[in-house]
Amino acid sequence: MVTRPAEVPAVSVEDVRAAQKTLFGVARATSLEGSRHLSSLVGSPVHFKCENLQRTGSFKLRGAYVRIAGLSAEERARGVVAASAGNHAQGVALAASLLGVESTVFMPEGAPLPKVAATRDYGARVRTHGQVVDETLRAAEEYARETGAVFIHPFDHPDVVAGQGTVGLEILEQCPEVRTIVVGVGGGGLIAGVAVAVKELRPDVRVIGVQAQGAAAYPASLAAGKPVALDSVSTMADGIKVGRPGDVPFKIVGDLVDEVRTVSEDALSSALLLCLERAKLVVEPAGASPVAALLSEPGSFEGPVVAVLSGGNVDPLVMQRTLRHGMAAAGRYLSLRLRLTDRPGALAALLGELSVADANVLDVSHVRTDPRLGLDEVEVELHLETQGPEHCTEVAATLRSAGYTVVLTR
């Protein structure tokens, strides 16, 4: 284990137990749901810890409420300020409202509109600043210095980590036979809290973190022995789109977490699609990251496994794009281009071939003005729903055997 600076505050299982008492009647003990499909892939039971069904739609209420509840009367009178892409924002807004504290929340420009609207509905004043959470954090910290409001960090505070750790206590109560817990990782507050709770009581249980490849600050930081900021972050999973680990969770992760893996955007899309289709659960990309890890390397997890679905707050437009991407990643979506003679009945004949191939046409577009086309030619782009990778190959083969020149675009 790497030795960390002594001044970094520690978090104990007693802190997590105290947080659980504080949260009684406030946060739900979310359900544990089995996944038959993932269980068959892993070869052992797989369960979902459904924090996407928590109040405000994510685990963030837990840490935010514990942090604000621990403030003095004088601190509460000054109000609180937070920064978040959405989930922590909603957690702080609701927690502050329940405790009678005024809240201001900074959110990145372009944050999902449903998350912005929900944060306001929970009672917070919303301000937008920056493109990523790290920039938004700096703006919120500056506001705290100027106004005296108490800054509620989304992950880098012992009270927040302790609050998130109650997820771990619930998992041990609901699934005492668990062998592996898989958690999505952004700044690290959730996995740090879970690790504190689990490793003290069940040191035999493996705790594995998952980051998006385009926002994977932990592997490099753990290798360096200290938090290292990424030059840039890029991922659809805005809930874990964090460029630098927090000091408090980093120490815990380095000491207690067994492994941190990364997953691709394709894997995140496929995971979100699986949660919706197979489990009937609406989960945001960050919340689906543990599922993405299970799909990517199912044979590398010892079961029973609990995958924490950390949140379900997803913009419907993002959901639409992600599901489409997930279908493509799963080989169930096919885009192709081909040229036809520009005459009556040519398109109908093409659609007839697709009907024979049992492909569902989602969209058709025509191009007639491209200088590469002959005077009697038209280029057609088709977007098709298929039954899987083998069916995609069969559809393309059917069209080629009918005399069409096919260019696959996805």
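Author: Gladly; we will take the pockets, then the cavity, then the side-chain contacts. Keep in mind that this is a predicted model.

Reader: How does one look for empty space in general?

Author: Rolling a probe the size of a water molecule over the atoms shows where empty space is left. In this structure, the largest pocket holds about 430 Å³ of space. Its lining is made up of 23 residues, and Gly110, Thr235, Met236, Asp238 and Lys241 are the closest to the centre.

Reader: Which helix gives the most to the lining of the largest pocket?

Author: That is helix α14 (residues 316–329), with 4 residues.

Reader: What volume does the second largest pocket have, and which residues lie nearest its centre?

Author: The volume of the second largest pocket is about 290 Å³. It has 19 lining residues, with Asp134, Leu137, Arg138, Gly243 and Arg244 nearest the centre. Helix α7 (residues 133–147) supplies the largest share of that lining, 4 residues. By class, the lining of the second largest pocket has 8 nonpolar, 4 polar and 7 charged residues.

Reader: Which helix provides the largest share of the lining of the largest cavity?

Author: Helix α9 does, with 3 residues. Both α5 (87–98) and α9 (189–201) supply at least two residues of this lining. The lining of the largest cavity divides into 12 nonpolar, 12 polar and 5 charged residues.

Reader: Now the charged contacts. How many salt bridges are there?

Author: The count comes to 17 salt bridges. One of them joins the side chains of Arg62 and Glu170, at 2.9 Å from N to O. This pair links distant parts of the chain, with Arg62 in helix α3 (residues 60–69) and Glu170 in helix α8 (residues 158–174), 108 residues apart. Arg62 and Glu170 are both buried.

Reader: What do Arg179 and Asp204 tie together?

Author: The side chains of Arg179 and Asp204 meet in a salt bridge of 2.6 Å, N to O. Arg179 sits in the loop between α8 and β7 (180–184), and Asp204 in the loop between α9 and β8 (206–212), so the pair ties together parts that are 25 residues apart in sequence. Arg179 counts as partly exposed because its relative accessibility is 26%, and Asp204 counts as partly exposed at 35%.

Reader: Where do Lys251 and Asp255 lie?

Author: Both lie in helix α11 (residues 247–256), 4 residues apart, about one turn of the helix. Lys251 has 23% relative accessibility, so Lys251 counts as partly exposed. Elsewhere, salt bridges with shared partners join Lys49, Glu51, Arg62 and Glu170 into one network.

Reader: Which ring does Arg261 lie over?

Author: Arg261 lies over the face of Phe301, 4.4 Å from the ring centre. For ring against ring, the count comes to 2 aromatic pairs.

Methods
Residues are numbered from 1 along each chain as its sequence is written. This is a predicted model: local features need pLDDT of at least 70, side-chain atom pairs count only at pLDDT 80 or more; totals for chains, interfaces and linings use all residues. Side-chain values use heavy atoms; hydrogens and water are left out. On a 1 Å grid over the protein atoms alone, a cavity is a set of points where a 1.4 Å probe fits but cannot get out, and a pocket is an open set with protein on both sides within 12 Å along at least five of seven lines; lining residues have an atom within 4 Å of a point. Grid points are joined across faces, edges and corners, and a volume is the space filled by probe spheres set on the points. Ala, Val, Leu, Ile, Met, Phe, Trp, Tyr, Cys and Pro count as nonpolar, Asp, Glu, Lys and Arg as charged, and the others, Gly among them, as polar. Rings of Phe, Tyr and Trp (its six-membered ring) pair if their centres lie within 6.5 Å; planes under 30 degrees apart count as stacked, over 60 as edge-to-face and the rest as tilted. A charge sits over a ring if NZ of Lys or CZ of Arg is within 6 Å of the ring centre and within 35 degrees of the ring normal. A salt bridge is a side-chain nitrogen of Lys or Arg within 4 Å of a carboxyl oxygen of Asp or Glu. Buried means under 20% relative accessible area, exposed over 50%, partly exposed in between (1.4 Å probe, protein chains only).
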